[in-house]
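Get your viewer open and let's take a walk through this one together. I'll say what to select, and then what is there.

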Amino acid sequence: MRYATLVTALFVLVGPAHAAVTPEIDPRASLGVVQQWIYNYRAKPDYAHVPAAVRVLFHSQTFKEPENSGIYLGFIAGAIGSNSAKAEQLVNSFFPVPPEDEWVIVRAIAYSGLPDWRNLLRRIAPKMPGRKVMIDSYLAGTLPILTDIPLEEATPGMWDKVRGVFTRNPFAKDDKKLQMKFNFASNQDLLDTLWGYYFATGSHVPIQRIMQMLPWTKSRDTVDKLTVGSMARYTLASYAVRDAGLREFLRSQLASQPAAIKAPLTEVIEAADTVQLGAVRRDALAAVEELKTKGSDARRNLDFWGQVGVGAVALGCVSAAALGQIAVGIPCVIGGSASQGLLSFWEKQQ
């Protein structure tokens, strides 16, 4: 009955895919309806209503803060990639798109996993002339697609460090450049994007990528890695509590995983089986407290670690967890301030 209600709410937003005029958004359709529909989508795919759901997302200004919209970006990318024969028709059905949100379409196509995503992006490009730089960057490979984004920044080897000592001008002024390279360790919204892709497709490929972040739950070197690793573990356990298929998949992976993944994955499965999410929260809190008091394993400047407090471990409000407010019971609110901290988020749950 609940599913029928969701479909009815979405149906009023969308006409036939070939309609000449895009129907107006029904003001009665709420973001909450779409959130729950997205979470249930993989169990019963409803491809025909994806355009309506996407229009609600745009209308609700969901992409106003890109760092808090990863789960929706991932869902759109997964929907595009799930049906190569209808991918172009689906993308065309999203238009007209607010100019400020056109980046979503560009990135969703690039992240879709379609073998022919480049040609699809070329065909759609004339609709988005304001995003030419971004489109050209993806086509040229200077912006990576989702499967090419590394887990973390490569650590310079010994010879790289030695070479740097002898090639650097000791009298040159050190100009710090803005770090524009993507990696999962320093971009928490990418975790959300993987969850969105999973919700759209049910594919275990993004889940395997999330599992690779689990060793970071033991990291005491960087705040970013500890944060993303902790949220990877927490969201895996949280969604697995209510997703028996996900639970079974995680259990099936135990035997083939290296020790660094196997240990935290075992914790995830046990927490999901026994619904002991509080233990996952407490462990992460203890890890952050230890990092605050003892400093990093690399013995970095303690003044830096003294700044690690409630607001420094910035999660914003991880959208994967936020979606759970309705779907899986994770207490958080989408669109929360980016200054919200991991400690603040979890301490409120105690």
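How many helices and how many strands does the protein have? Colour by secondary structure and count 18 helices and 0 strands; helices (H or I, at least four residues) and strands (E, at least two) are DSSP runs, numbered from the N terminus.

Some ground rules before we zoom in. This is a predicted model, where local features need pLDDT of at least 70 and side-chain atom pairs count only at pLDDT 80 or more, while totals for chains, interfaces and linings use all residues. Residues are numbered from 1 along each chain as its sequence is written, and side-chain values use heavy atoms, with hydrogens and water left out.

**The whole protein**

Of the 350 residues, 49% are buried. Here buried means under 20% relative accessible area, exposed over 50%, and partly exposed in between (1.4 Å probe, protein chains only). Now think about contacts, meaning heavy atoms within 4.5 Å: among those between residues at least 6 apart in sequence, 71% join residues at least 24 apart.

**Stop 1**

Select residues 50–59, which is helix H3. Of its 10 residues, 9 are buried, including Val50, Arg55 and Phe58. Next, click Gln61, in the loop between H3 and H4. Is Gln61 buried or exposed? Gln61 is exposed, with a relative accessible area of 53%. Check its backbone too: phi is positive, near 55°, and this is not a glycine. Most residues other than glycine have a negative phi, and most peptide bonds are trans.

**Stop 2: a cis bond**

Go to the loop between helix H5 (87–93) and H6, where Pro96 lies. The peptide bond joining Phe95 and Pro96 is cis, with omega about 0°.

**Stop 3: H4 against H6**

Show H4 (residues 70–81) together with H6 (residues 102–111). Their axes are 8 Å apart and the packing angle is about 55°, which makes H4 oblique to H6. Axes are lines fitted to C-alpha atoms, for helices over the stretch in contact, and angles run from 0 to 180 degrees between N-to-C directions. Angles under 35 degrees count as roughly parallel, over 145 as roughly antiparallel, 65 to 115 as roughly perpendicular and the rest as oblique.

**Stop 4: H13 against H14**

Now pick H13 (residues 244–253) and H14 (residues 259–274), whose axes are 10 Å apart at an angle of about 150°. H13 and H14 are therefore roughly antiparallel. The contact uses Arg247, Leu250, Arg251 and Gln253 of H13, with Leu265 and Asp273 among the residues from H14. The class tally is 5 nonpolar, 1 polar and 3 charged residues.

**Stop 5: on to H15**

Step into the loop between H14 and H15 and select Val275. Val275 has a positive phi of about 55° without being a glycine, and it is exposed, at 53% relative accessible area. Finish on Leu285 in helix H15 (residues 277–294), which is buried at 13%. Draw a C-alpha to C-alpha distance from Leu285 to Ser230: they are 55 residues apart in sequence and 9.4 Å apart in space.

Methods:
Ala, Val, Leu, Ile, Met, Phe, Trp, Tyr, Cys and Pro count as nonpolar, Asp, Glu, Lys and Arg as charged, and the others, Gly among them, as polar.
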